[in-house]
Amino acid sequence: MAQQWKCTACGKKFGIGEWKCADEISNHVVEEKTYRSADAPSDPGHPANGGMDSRRDGQTVVCNIPPARKMGEGADVRWVGEGSVTFIRGRFATSDPEQQYWLDKKPGYNVTEEQWAAAWLSDGQKLEMEKMQLKAERQRLENDRNELLAQTKQKVGAAA
Ligand SMILES: [Zn+2]
């Protein structure tokens, strides 16, 4: 059976190629889907400030989403309408069914969150995250201590 979607904007059911919504300009809208690529840069090359991490923060343009369509005949043939989407840090979310349809067909852009994290988070970033957790924990202890101190002062004040 051919693939079908239901538009959350106009409520219409539609199939492959019937992307246009009621206004005939914008595409139908479906549930947002996040695409992940595990293809992270692993060669430091000539790292900018921040080394590998700054390269990983970069953007990747994926072409042919959607691919160009053939228009005209013979010498008049033109290819129009090719689109592209931009992955940031190997992630891209879209609720456009046409983009989803073509991304679903492309291998390598639908890896799991775990595969994504393994490919994209550097050792430095994993350490950084642990450091931030430790810092938050220390701050929490400090707050507790200050609160206790304030309570003790209040008691002392009340007794005097
Ligand atoms: Zn629609």
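Guide: Helices and strands here are DSSP runs, numbered from the N terminus, a helix having at least four residues and a strand at least two. The model is a predicted one. With that numbering, Gly90 sits in the loop that links strand 7 (84-88) to strand 8 (91-94). Is Gly90 buried or exposed? A residue counts as buried if 20 or more other C-beta atoms lie within 10 Å of its own. Gly90 has 23 within that distance, so Gly90 is buried. Of the 160 residues of the chain, 9% are in that class.

Next, the surroundings of Gly90. Apart from neighbours within four places in sequence, Gly90 is in contact with Arg36, Ser37, Asp39, Ala40, Trp116, Ala119 and Trp120. Trp120 is 30 residues away from Gly90 in sequence, yet their C-alpha atoms are 7.6 Å apart in space. For the chain as a whole, among contacts between residues at least 6 apart in sequence, 51% join residues at least 24 apart.

Arg89 lies in the loop between strand 7 and strand 8 as well. Arg89 is not a glycine, but its phi is positive, at about 50°. Around Arg89 there are 16 other C-beta atoms within 10 Å, so Arg89 is partly exposed.

Helix 2 (residues 97-105) has Pro97, Gln99 and Leu103 as buried residues. These cover an arc of only 155° around the axis, which means that they are on the same side of helix 2. The buried residues of helix 2 pack against strand 7 and strand 8, and also against strand 1 (4-6) and strand 3 (33-36).

Leu103 belongs to the largest nonpolar core, together with Tyr35, Ile65, Val85, Phe92 and Tyr109. Within this group, Tyr35 is in contact with Phe92, Leu103 and Tyr109, among others. Ile65 is joined to Pro66 by a cis peptide bond, with omega about -5°. Pro66 is in the loop between strand 4 (59-63) and strand 5 (69-71).

The number of buried residues in helix 4 is 0, so helix 4 lies largely in the open.

Key:
Residues numbered from 1 in each chain as written. Predicted model: local features only at pLDDT ≥ 70, side-chain atom pairs only at ≥ 80, totals over all residues. Buried ≥ 20, exposed ≤ 12 C-beta atoms within 10 Å, placed from the backbone. Contact = placed C-beta atoms within 7 Å. Arc of directions from axis to C-beta. Core = buried A, V, L, I, M, F, W, Y, C linked by C-beta atoms within 7 Å.
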